[in-house]
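Hello,

Please find the structure we spoke about below. My notes on it follow.

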Amino acid sequence: MSDDSTRPAREDDRVPLDPPSAAESVSAALGNAARRAGLDPAKHTSTGAAVWSAMGGVRGILESVLPSLAFVVLFTITIDPETRQGNLWLSLGVSVGLAVAFTLARLIAKSPPSAAIGGLLATAGAAVLSLVTGRGQDNFVPGFFTNGAYGTAFLVSALIGWPLIGLVAGYLLGEGTRWRADRRKRRAYTWLSIAWAALFAARLAVQLPLYFAGDVTALGTLKIVMGLPLFAPMLAVTWLVVRALHPRRES
């Protein structure tokens, strides 16, 4: 009779590795998303390069700003003094048209179209809502929900001790979730996440009153001003703090 104890273990006899924890899975998902967005410590050594990459360069900035800018300008110059409403079809048509053009340009150039497609879907969805209600300010409603969701996620993650900034940084820098054992890193990631939550909350605090007042021009202008001009410095500060917590080691 053969002794099974001396038989080499087959592949299906081996004990499977423990599945990754929920936190590690979330960290990996967020880290991969950040890397696709251009935040990759292995590629960028300077803060400026990282921020510029995350914004998508000139093309990314244009894709982010021009559709909203076109809507605000066209809506404003076509406002009827009696109804206080601009030409929605023209304003939204040009805005969506620009988003379509950016998406097609990426497809033709065979560059990653995910950012442009995301912008197109958001622009088209907002346009449909605005056309259905007949109110220009409703073009900004989806953005309120987006800011609310992001702000809530950052705040809750910080309050429960799993700040999103830490999860992303831990994955990108190969640290996993070990940073939680370091009080200094945990505190820094917590405050960074709270700062991001405050940014999204500030957008809502400033823009919601304008929405209820029906001031489309001011609302659209502040949406643009509180977009990339605030996102870029916040991202730069975050990158600098993370880099300070993870200094490069000379080989």
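**What was found**

The chain has 10 helices and 0 strands. Keep in mind that this is a predicted model. Along the sequence the pattern reads α-α-α-α-α-α-α-α-α-α. The chain has 251 residues, of which 37% count as buried. Among contacts with a separation of 6 or more, 67% are between residues 24 or more positions apart.

**Helices H3 and H4**

How do H3 and H4 lie relative to each other? The axes of H3 (residues 57–77) and H4 (residues 88–109) cross at roughly 165° and come within 7 Å. An angle over 145 degrees counts as roughly antiparallel, so H3 is roughly antiparallel to H4. Their crossing is right-handed. On the H3 side, the residues in contact include Leu-62, Leu-66, Phe-71 and Leu-74. On the H4 side, they include Val-94, Leu-98, Phe-102 and Arg-106. By type, the residues of this contact are 15 nonpolar, 4 polar and 3 charged.

**Helix H6**

H6 covers residues 141–159, which is 19 residues. From its first C-alpha to its last it reaches 27 Å, close to the 27 Å expected at 1.5 Å a residue. Which residues of H6 are buried? They are Val-141, Phe-144, Asn-147, Gly-151, Phe-154, Ser-157 and Ala-158. After H6 comes Gly-161, which has a positive phi, near 90°.

Regards

Notes: Residues are numbered from 1 along each chain as its sequence is written. This is a predicted model: local features need pLDDT of at least 70, side-chain atom pairs count only at pLDDT 80 or more; totals for chains, interfaces and linings use all residues. Side-chain values use heavy atoms; hydrogens and water are left out. Helices (H or I, at least four residues) and strands (E, at least two) are DSSP runs, numbered from the N terminus. The expected span of a helix is 1.5 Å times one less than its number of residues. Buried means under 20% relative accessible area, exposed over 50%, partly exposed in between (1.4 Å probe, protein chains only). Axes are lines fitted to C-alpha atoms, for helices over the stretch in contact, and angles run from 0 to 180 degrees between N-to-C directions. Angles under 35 degrees count as roughly parallel, over 145 as roughly antiparallel, 65 to 115 as roughly perpendicular and the rest as oblique. A crossing is left-handed if the near helix is turned anticlockwise from the far one by less than a right angle, and right-handed if clockwise. Contact means heavy atoms within 4.5 Å. Ala, Val, Leu, Ile, Met, Phe, Trp, Tyr, Cys and Pro count as nonpolar, Asp, Glu, Lys and Arg as charged, and the others, Gly among them, as polar.
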